[in-house]
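Hi everyone, thanks for coming. Let me put the structure up, and then we can walk through it together.

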Amino acid sequence: MMKATALVAVFTSVTAFTLSPSPMVRSRAAVASARSSPLAASAFKFEFPSFDFGGAGAGKGKGKKLCVITGASSGLGLEAARVLACERDDYFVVAAVRDVEKMKREAERMGIPAAKYTALKCDLADFASVRNFAKDLKQLQGARPLDTLCCNAAVYRPTDPVAAFSADGFELSMASNHLGHFLLCNLVLADMAKNKAKDARVIIVGSITGNSNTVGGGLVYPRADVGQFQGWEQIASGDKAAADVPMVDGKPFFGAKAYKDAKVCNMMTVAELHRRYHADTGIQFNSLYPGCIADTPLFREKRQWFRDGFPLFMKYVTGGYVSMPESGERLAQVIAAPECAKSNVYWSWNGGAKTVAYVNPLTNKLTGAGGSGGEIFENDQSSQVSNPEKQKKMFELSSQLVGCTWPESYKGKR
Ligand code: NDP
């Protein structure tokens with residue numbers, strides 16, 4: 001086992017340094033100066049509401065539980081949408097996606113009936129788009145409660161040599177994976193609480209890569225480290241010199257670490273939302289690690305040899321591999337299963353990732369133990385993720401960065 005874990009560390013660390021062409025770069029400074037320039041007013045673009053239910057109107061999904069899944073157009077989110085829409089009769093999926101047409105194509109390919117879901121535009125790397133989505137969602141809901149918000153979308157940009165920035169001028173992985181979701185939670189929370197939805201759940205997908213008490217998060221360089229949020233403090237202070245600070249800890253840009261840091265913030269958000277709001281609202285806040293779904297497009301920016309080799313490596317060497325359909329079952333379980341109606345849990349599965357692959361003497365075939373199978377259990381998180389002072393600081397600074405306030409009436413006490 002030790003051999004296998006060391007191999008994971010080497011394999012993943014080496015690949016973190018394989019550079020590919022840089023994406024669009026738009027710094028915080030550029031965003032800020034565009035906003036303050038005299039041209040900013042003329043550059044202002046009116047955003048028409050993105051509300052489009054294909055003519056079916058707000059009655060869509062009537063009588064079903066409403067479940068928003070961000071990033072439902074690919075990988076884990078798409079599979080979970082398929083499970084809820086195709087295998088259950090009591091859910092209606094609202095796919096919060098950056099590309100509505102892609103979602104429709106993928107839903108058709110997966111056999112998800114049009115009557116069981118709707119796709120609404122939501123670009124998490126653009127706070128205006130997130131706000132628009134919340135308005136569209138409200139129209140769809142009408143008087144109905146929102147039952148579940150599942151924050152699943154993410155980008156992973158380990159090969160970027162320099163930081164790319166969101167529409168609002170934040171480093172792209174942190175903006176898409178954490179800040180956009182943080183704002184979305186803020187926008188729907190009061191409504192979920194007010195509606196007193198029974199069994200209301202907010203789920204934010206976490207990862208072992210953000211938990212340094214694991215092999216994936218502890219041995220594989222770089223480790224997640226939000227430090228004392230020095231980078232965010234600089235940005236929040238309005239210090240002009242901080243205009244282009246890409247990392248939460250104020251250190252130089254490192255794409256693989258930016259993803260892991262965002263996952264730490266995702267899991268901390270769950271804990272802090274639970275502390276502040278669970279007792280008052282009954283909403284259940286949870287996170288999960290779905291397993292290593294090594295062949296999702298999350299790894300799209302890696303070179304082809306990595307994309308070919310990584311699933312095989314995870315399947316036959318470490319045994320940590322979980323297929324896309326199985327991961328979807330897992331996420332759907334956390335969304336809908338009665339045994340997951342708890343709050344402040346980091347769900348995991350004790351699949352077969354404990355052993356390495358072996359040649360089965362009966363079949364003479366290489367058999368991967370697989371991270372698949374096993375039972376769901378309540379996992380521990382790293383001391384960084386579960387540090388209450390850091391959780392609080394993360395929550396307050398994130399609120400400042402996205403420009404949101406939280407309902408006074410639910411303010412919890414430490
Ligand atoms: P995918 O790349 O397959 O899916 C990511 C989804 O996020 C896509 O639908 C993508 O949209 C969407 N997305 C990206 N940026 C934005 C944005 N700005 N606004 C809205 N949507 C956006 O990855 P996975 O399915 O693997 O990842 C899903 C979740 O699982 C992530 O949170 C990831 O961290 C987590 N995870 C994944 C693991 C794995 O091994 N794959 C392991 C542990 C956790 P589009 O379709 O348009 O590209």
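In what order do the eight strands of the open sheet lie? The order is β3-β2-β1-β4-β5-β6-β7-β10, and the pairing is mixed. This is a predicted model, where local features need pLDDT of at least 70 and side-chain atom pairs count only at pLDDT 80 or more, while totals for chains, interfaces and linings use all residues. Residues are numbered from 1 along each chain as its sequence is written.

At the edges sit β3 (117-121) and β10 (376-379), each pairing on one side only. From one strand to the next, the twist averages 25°. Strands here are DSSP runs of E with at least two residues, helices are runs of H or I with at least four, and both are numbered from the N terminus. Two strands pair if DSSP finds at least two bridges between them.

Look at β7 (residues 345-349) and β10: they run antiparallel, joined by four bridges. Here Tyr 346 stands opposite Asn 379 in β10.

Now the helices. Helix α5 (residues 100-110) lies across β2 and β3, at about 160° to β3. Axes are lines fitted to C-alpha atoms, for helices over the stretch in contact (C-beta atoms, placed from the backbone, within 7 Å), and angles run from 0 to 180 degrees between N-to-C directions.

Finally, the ligand: 30 residues surround it, and among the closest are Gly 71 and Thr 296. Near means that a residue's C-beta atom, placed from the backbone, lies within 6 Å. Helix α4 (residues 75-87) gives the most to this shell, with three residues.

Note on methods:
Contact = placed C-beta atoms within 7 Å.
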